[in-house]
Every structure is written in C-alpha cells, then in structure tokens.
Amino acid sequence: MTEQKTGERGTTATAGFDRRLLPPMMLGSVLNPVNSTIIAVSLIPIGDALGAPPSQTAWLVSALYLATALGQPVVGRLIDVFGPRRLFLVSTSLVGVAGVVGTLAPNLGVLIASRVLLGFGTCAGYPAAMALLRSEARRTGRDSPGGVLTALAVTNQTIAVIGPLLGGLLIGLGGWRATFALNVPLAVAAVLLGLLRLPKEPATENSPQRGHLAARLDLPGMALFAVTLIALLLFLMNLHLRDWYLLVTAIAASAAFAARELRAPTPFIDLRVLGGNTPLLATYGRALVAYIVSYAFLYGFTQWTEEGFGLSPVHAGLAQIPMFLVAIGVSIVSGRRTGVRGKLLVGGLGQVVACLVMLTLSGDSPVWTLILVALIFGVPQGLNSLALQNSVYFQADPERTASSAGLLRTFAYVGSMVASSTAAASFGRRADTGGMHHLAWVMLAAGVLYLLLTVFDRTLGRATDRDTSADVPQAS
C-alpha cells in the first residue's frame with residue numbers, strides 16, 4: 001500500500017521521489033562536466049588555430065574552474081535562501097550566452113571570457129540537485145536518496161564518457177568552435193525543463209522580505225570570500241615568488257572573512273558549525289587532493305596522448321572511454337551499498353597504482369598500455385566522486401545542503417586549478433613524455449596523501465549510518 005502525505009507544495013503526494021525532477025536535475029548537473037571533458041581534447045586544436053602554447057590554453061581550463069569555484073557556494077547559498085528554480089533558470093540561460101560568445105570568439109582572450117561565463121552559468125546545477133534531494137526527503141519523510149545520488153553520479157560519468165568522443169567528433173565535423181556551440185541547445189533544453197518541471201517556490205521563509213535580504217545573504221562575507229578565493233587561485237595558477245602579493249592578499253582577506261563570519265548573525269559560511277564538523281572538513285580535504293589527481297590525468301595525460309604520443313583529438317577522446325565506462329560500472333555496483341570508507345580506500349589505491357603505471361609510459365609504448373592506465377583510473381573515478389557526494393549529503397547541515405554541496409565543488413575546483421597549473425608547468429610549450437612523467441610524480445604524491453587522509457579518518461564509519469540503497473527512480 002502506498003503511503004500518502006501532504007507535501008510542502010500544498011498537494012497530497014506519494015511518499016516517493018518525484019520522478020519529474022530527474023531530467024532537469026541531471027541535465028543541470030552535467031553542464032559543467034560536459035564542458036570539462038570536451039575542452040580536454042580541444043586544447044591542442046585551439047592552440048594551433050590561435051597560436052597559443054599549452055601554458056596559455058591552460059587558462060581555458062583555469063578560467064572555468066576559477067569562476068565555478070567562486071560561484072558554486074555563492075549560488076548554493078542563494079538556493080538555500082530562495083530555492084532552486086530561479087537560480088537554475090538564470091544560470092542555465094547564461095550557459096547559452098557563453099556558448100554564443102565562445103563560438104564567435106575572435107581570439108584567446110574572448111574565448112577565456114566565454115569560459116568564465118560558462119563557469120558562472122554551470123554553478124546552479126549541482127547545488128540545485130542536492131537541494132531538491134533534501135526537499136524531497138522532507139516532503140516524503142524518506143531520508144534515503146542513495147539511488148538518486150547514484151543516478152546523478154552515473155549521469156555525470158556517462159557524460160564524461162561521451163564528452164571526449166563527442167568533442168573529437170565535433171572538432172572533426174565543424175572545428176573546435178562547434179564544442180562551444182553545443183552549449184546553446186543544451187542551455188535551451190535545460191531552461192525548458194526547468195520551467196516545466198521544477199516546482200515554484202511558495203511564499204515562505206525561503207522568500208525573505210526585502211528588508212532582511214541583505215542580512216540573509218551576508219553580502220560582505222561573500223565579497224571577502226571572493227577576494228580570498230580569487231587571490232589564492234591566481235597564485236596557484238602560476239606559482240612564483242614574484243606573485244607573493246597574491247598570497248598575502250589571500251591571507252589578509254581570509255582573516256577578514258573569518259572575523260566577519262564569526263560575528264555575522266546569518267553568515268554566508270557558518271564557520272562555527274563548519275569548524276565543529278570534522279567529518280565534513282575531512283571530506284573537503286579529500287576532495288581537493290582527489291581532484292588534483294583526476295584533473296591532472298584528464299587534462300595533462302590527454303594532451304600528452306595527442307602531442308607526446310601522436311594521437312588525433314578523436315583517438316585521444318576514444319582513449320578516455322575505458323576509464324569512464326569502468327567508472328560507470330563501479331558507480332552502479334558500489335552505489336547500492338552503504339558506507340563510504342571501503343569506496344574511498346579502494347579509490348585511493350587505484351589512484352596510486354595508475355600513477356605508477358603512468359611513470360612507465362613513453363612515446364614508444366604500445367597503445368594497450370594507454371588503455372590499461374585508463375581502465376585503472378576508472379576505478380577511483382567511479383568510487384571517489386560517489387563517496388564524496390554521499391558523504392557531504394549526510395554530513396552537512398540540512399539547512400545548508402546546497403551551499404555545502406557548492407563548497408564540495410569549490411574544493412574540487414581548487415584541486416583542478418592545482419592540476420591545471422601543474423600540467424602547464426610540467427609541459428611548458430610542448431606536452432612531451434618528460435613533462436608527463438613530472439606530472440605523474442605530482443599526481444602520485446597527491447594520491448598517497450588522499451590515501452593517508454582516508455586511512456587515518458576514524459569518522460568515516462559514521463558518514464552514512466542510514467540506508468542509502470533506495471532504488472533509482474526512472475525518469476518519465
């Protein structure tokens with residue numbers, strides 16, 4: 001017998017996840033990864049067309065993640081206050097604008113600007129999905145969305161499979177500009193799905209009065225957070241003593257941010273609560289080092305397969321597919337099981353093994369060795385992202401689910417920025433084998449640190465002590 005109850009939307013609803021929400025949730029959450037994976041095979045053609053070396057085209061990666069690292073927690077907080085619908089529609093519309101700008105870009109500077117717009121435009125998808133999961137849990141009284149969390153992870157992995165191959169095909173058919181034009185139809189579809197299926201927010205406490213709006217949003221805190229993050233990421237992009245002022249700026253702004261947040265009645269990031277939430281802080285730390293390894297492989301190894309090994313963009317995309325296929329299978333199988341410690345341990349070991357194999361490769365290695373590395377990397381790719389996502393859902397303050405999810409992505413993007421700058425420093429003007437080996441050593445160090453953070457974290461056994469094995473709803 002199906003239990004019924006009156007939900008927050010003022011209607012009687014069955015105690016099950018609203019399947020109509022899945023399409024906009026999934027499409028919104030994949031706008032960022034599809035642009036991440038497509039650009040991985042586009043960097044060399046863009047550099048050739050615009051006369052830019054890898055050290056400059058790396059800004060196409062950095063620009064998107066700089067914007068997204070800043071925008072995710074800010075938009076997440078806005079979603080916590082206003083609800084997901086409005087922020088989802090505004091952000092996904094910006095993706096379409098960015099697609100037009102990138103398609104028509106006359107030079108690298110404009111192209112980088114379009115990636116910044118893409119970064120801000122893709123900010124709402126993931127926090128909105130997590131907020132909808134939380135609101136559905138409240139509406140239905142069932143706090144076991146493991147199947148939906150798995151569905152989100154598998155969707156992102158599927159897009160990651162399609163991304164490199166799709167990017168290579170688009171480059172072959174219409175040049176690298178076609179990879180930017182793809183964002184226009186994706187944005188139109190996302191906006192239409194959002195209009196048709198995302199619930200309108202009722203006039204409740206989630207819609208604050210104008211007089212209290214500034215206090216609820218903590219605009220000074222957001223501004224100080226932005227200064228801290230931008231200065232830090234700009235410093236990390238090009239580590240050099242001449243840029244010492246950026247590090248000093250980041251330290252000073254972070255001190256002012258901490259002082260502000262500890263005094264604010266409704267802080268942007270509640271440092272008292274966050275500081276006392278050791279499991280969540282450990283999850284953020286793991287996310288940072290995990291994504292150093294993941295994105296260094298995605299961008300650095302892909303560039304090497306094109307320049308150092310001699311593959312075409314299409315074949316470089318095909319070489320990534322085994323990793324993502326394994327990741328999908330691993331996510332589906334492991335997503336039906338509770339707990340995260342085992343996933344994180346196996347994922348950490350997989351990273352270390354894959355980095356060690358990378359150190360054995362050269363331009364004369366057989367193609368099957370590239371496939372082997374991709375297959376090994378598929379295991380941590382599938383386990384780590386799912387385990388980190390599940391950890392945040394259960395460890396975060398329920399009233400700040402979207403902003404906490406945004407912070408997870410911020411730490412991940414800080415890791416991606418470190419990976420991008422490390423790849424640029426390792427390769428210089430050409431992605432050769434020596435540079436790839438240098439990058440692999442850095443990845444190995446990050447992988448070992450990830451493993452140590454997991455082995456010595458005693459809170460992981462309590463990360464998900466509720467059932468997370470609910471069936472995956474089928475999209476209608």
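Trainee: Where is the place of Gln-351?
Mentor: Gln-351 lies in helix 15, residues 341-358. A helix here is a DSSP run of H or I with at least four residues, a strand is a run of E with at least two, and both are numbered from the N terminus. The model is predicted, so local features need pLDDT of at least 70 and side-chain atom pairs count only at pLDDT 80 or more, while totals for chains, interfaces and linings use all residues. Residues are numbered from 1 along each chain as its sequence is written, and side-chain values use heavy atoms, with hydrogens and water left out.

Trainee: Why does Gln-351 count as buried?
Mentor: Buried means under 20% relative accessible area, exposed means over 50%, and partly exposed is in between (1.4 Å probe, protein chains only). Gln-351 has 3% relative accessibility, so Gln-351 counts as buried.

Trainee: Which residues does Gln-351 touch?
Mentor: Contact means heavy atoms within 4.5 Å. Not counting residues up to four places away in sequence, Gln-351 touches Ala-290, Val-293, Pro-380, Asn-384, Gly-447 and Tyr-450.

Trainee: What makes Thr-454 buried?
Mentor: The relative accessible area of Thr-454 is 0%, and therefore Thr-454 is buried. Thr-454 sits in helix 18, residues 433-455. Leaving aside neighbours within four places in sequence, Thr-454 is in contact with Arg-286, Arg-341, Leu-344, Leu-345 and Leu-460.

Trainee: Why are helix 13 and helix 18 called roughly antiparallel?
Mentor: The axes of helix 13 (residues 278-307) and helix 18 come within 9 Å and cross at roughly 160°. Axes are lines fitted to C-alpha atoms, for helices over the stretch in contact, and angles run from 0 to 180 degrees between N-to-C directions. Under 35 degrees counts as roughly parallel, over 145 as roughly antiparallel, 65 to 115 as roughly perpendicular and the rest as oblique. Helix 13 and helix 18 are therefore roughly antiparallel.

Trainee: Which hand does the crossing of helix 13 and helix 18 have, left or right?
Mentor: The crossing of helix 13 and helix 18 is left-handed. That name applies if the near helix is turned anticlockwise from the far one by less than a right angle; clockwise gives right-handed. Residues of helix 13 in the contact include Arg-286, Val-293 and Trp-304, and those of helix 18 include Met-443, Tyr-450 and Thr-454. By class, this contact has 15 nonpolar, five polar and one charged residues. Ala, Val, Leu, Ile, Met, Phe, Trp, Tyr, Cys and Pro count as nonpolar, Asp, Glu, Lys and Arg as charged, and the others, Gly among them, as polar.

Trainee: What makes helix 1 roughly antiparallel to helix 8?
Mentor: Helix 1 (residues 22-50) and helix 8 (residues 183-197) pack at about 155°, with axes 9 Å apart. That angle makes helix 1 roughly antiparallel to helix 8. Helix 1 passes helix 8 in a left-handed crossing. Among the residues in contact are Pro-23, Leu-27 and Asn-35 of helix 1 and Leu-186, Gly-194 and Arg-197 of helix 8. The classes are nine nonpolar, three polar and one charged.

Trainee: How many aromatic pairs does a search of the whole structure find?
Mentor: The search finds 10 aromatic pairs. In Trp-176 and Phe-180 the ring centres are 6.1 Å apart and the planes are at 80°, so this pair is edge-to-face. Rings of Phe, Tyr and Trp (its six-membered ring) pair if their centres lie within 6.5 Å; planes under 30 degrees apart count as stacked, over 60 as edge-to-face and the rest as tilted. Trp-176 and Phe-180 are both buried.

Trainee: Why is the pair of Phe-225 and Phe-268 edge-to-face?
Mentor: The centres of Phe-225 and Phe-268 are 5.3 Å apart and the planes are at 75°, so the pair is edge-to-face. The two are 43 residues apart, with Phe-225 in helix 10 (residues 219-237) and Phe-268 in the loop between helix 11 (244-263) and helix 12 (271-275). Phe-225 counts as buried at 10% relative accessibility, and Phe-268 at 1%.

Trainee: Why does Pro-164 count as buried?
Mentor: Pro-164 has 1% relative accessibility, so Pro-164 counts as buried. Pro-164 is in helix 6, residues 146-174. Not counting residues up to four places away in sequence, Pro-164 touches Thr-37, Val-41, Gly-317, Gln-320 and Phe-324.
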